[in-house]
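I opened my notebook to get to know a new structure. Here is what I looked up, step by step.

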Amino acid sequence: MHRALAITELLTHILREVYNDEGLNLRQGIKDIARVSQVCKIFRDPALDFLWRHIDSLLPLLRLLPLEIHEEHGDNTRLSKVLGNLESSERERYFSISSRVRTLSFSEPREPIPRKLIDDIVEYNLILAPRVGVLRLRISSEAGLRLLPAFITPELTDISLSFDENLYVFDRPLNLDGLIKSVYMTIFRCAPKLVHFSVVDLHEAMPLLSITKAPGQDTACLQSLTHATFYITASSLPQVLDLTSQLRKLEDLTIQAYEKPFEEILRLSSFAPETFSSLKNVTFDGSPDIISRIFSALPANRAIQSAILRMHGLYTNADIALVLLGVVAAASKESLQKIIMTSVLSHNDLAHWDVDSRIDTRQFILDINAIEPALQFQNLEIFSACLGVPLYLTDEDHLRIAQTWRSVRLLYLSSIVQRVVWAHRPPASIASLVHYARYCRSLKALGLCLDASTQASVDTCVQAIAAYKETTPESNPSLPSPSIQMIEFGPSWLECNFDPVQIHALAKAFTTLFSNLAACRACRTEELGVPQAAWTWMKVHTLYEYILFTDRGWSVNTPRSAWKLGLFSKWIEDYGEDYERVALVAPGSSVEADFDDDQNAEAFNQIMYKTAREELAKISKEHEVM
């Protein structure tokens, strides 16, 4: 063996390449690293570290225990008594392997353990993985609750705990409340390094928990906890907020509150001004009333930087404003940088929206009144409101938003929609883009619901640009915007066979508004009868890039696709600056001007479409588009 392999760092790097633990290669990676561990003594320990570092089942560890199985008495697996001897070789052998585990998952419904074996583990005070740092546990019985302390170690930094329905219904112990409270307190007291804590309990209210310093303890519990996540019933909100108010270093708080039918939700008490002082990021999931109640319980002027608010259903202006008023009451105007609101529509919600239900859908048309409270946060960098239906804003509303949120980097106003009012088009035209290009100089991604279906809308945009040029000195221009990279229109009424003259007018307007536009698109709009509006916007964007290419000989976006450079060069030879002819051969058309047959034309369209999707995916990821 080469002496270089005796260098621990080099050997570890090599074994990391051998042990591929991603996706379909996991099983083969386990086999390979197991074989490596048997090559020689030098390879053994590093290979075993990789082999046991992350395990998604408790069974491999249990197989290492010295067990006595008495088949004549049925399922009567017991631990060998030698394990009770702290100096026994069997105990040392077990710990030599189990101490390598860093991440452990255990789902009791999926891998049931004999109860007598659990009794022995508890009796011998056995710690199953002495140096585990990350735990994922799902408990479904009283025996599982009694086993849980065997997982808790002082090295634990991250635990996710889920209580199964069976625990409450089919295997419910008499003293369940006391057992669950004991489990929580064991975690809090025995895991001083805990940083992430997650609980899933969707069946009954949590117990009231206190993390004050217990007798004999030097410090209070959970002094390192910074991230807490709770998936609970709404009846647990008082207990959850009381617990989290005691956490002095809490930075990220996630609460998903499920409301049971006819469930009474207790009034939430307000907390002292010194609580939640370290809180930076919140994610609340529930009804507008629940989210508003949570915010109202928090002290005012918290230094919250990010608020992610998730709802389910159709809501009115008053509902959305209620949630945002809660944010206003709790968050500092100077600190808040991000608000993301979503509302997912269920099949029942969509059925209510359909024409056959005879519901007046106009009551769910959202306007500036819905997001009015958010305009108090003038330092916002991200605002996204994807609420299932579009925000119908006027041109004056867009001007006010652009002038208020001048530092915004991502602005989404119901760009991803599931329903629209077919007979009610947005009041604002494409001319509203001028406001964002002028005032939002850091804006990178923009999602709006605009009316772009008529010649009048395009003409209004051209007129707005002309008016801007007349009133703005050439020495101090604010157009084009160098920052905006992506524009996403909501349900676009723009027809697929849009006139090439209008496509040219839009593309030309875009060259005045944006110097670095990478992509623009529209949502699917089958219910409007124009399911392929996305193709038309790709025509506009392609022509936009081509105009920049002919004017300047280059574009910041063209180098991303080398084949575009050749394509645009050929178009210059064939069409020059006859942009309306170029509009006919841009994506979305089967015109054969540049191809031998329809198949090649379709291939070109697919290449352009794939490229646009890749660019959009990259931009969306970069700018946290939701």
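I began with a cut-off: a residue is buried under 20% relative accessible area, exposed over 50%, and partly exposed in between. I also noted that this is a predicted model.

**Entry: R581**

I looked up R581 and found a relative accessibility of 43%, so R581 counts as partly exposed. R581 lies in helix α21, which covers residues 579-585. Leaving aside residues up to four places away in sequence, I found that R581 touches D574 and Y575. I also checked H504, which is 77 residues from R581 along the chain; their C-alpha atoms are separated by 9.5 Å.

**Entry: aromatic rings**

How many aromatic pairs does a search of the whole structure find? I got 16. I took F271 and F276 to start with: their ring centres are 5.8 Å apart and their planes stand at 75°, so I wrote this pair down as edge-to-face. Both F271 and F276 are buried.

Next I turned to F383 and W405. Their ring centres are 4.8 Å apart with the planes at 35°, so this pair is tilted. Is F383 buried or exposed? F383 has a relative accessible area of 0%, so I noted it as buried. W405 is also at 0% relative accessibility and therefore counts as buried.

I made a note of a cluster as well: ring pairs link F163, Y184, F188, F197 and F230.

**Entry: the strands around F383**

β13 and β14 pair in the parallel sense, over four bridges. Which residue of β14 is the bridge partner of F383? I found L411. Together, β13, α15 and β14 make a right-handed β-α-β unit.

I then looked at where the side chains of β14 point. In a regular strand, side chains alternate between the two faces of the sheet. Here L410 and Y412 point one way from β14, while L411 and L413 point the other way.

Opposite L410, I found A445 in β15.

Methods: Residues numbered from 1 in each chain as written. Predicted model: local features only at pLDDT ≥ 70, side-chain atom pairs only at ≥ 80, totals over all residues. Heavy atoms only, no water. Helix = DSSP H or I, 4+ residues; strand = E, 2+ residues; numbered from the N terminus. Buried < 20%, exposed > 50% of the residue type's maximum accessible area, 1.4 Å probe, protein only. Contact = heavy atoms within 4.5 Å. Phe/Tyr/Trp six-rings, centres within 6.5 Å; stacked < 30°, edge-to-face > 60°. Pairing = 2+ DSSP bridges. Right-handed = clockwise from strand over helix to strand, strands pointing away.
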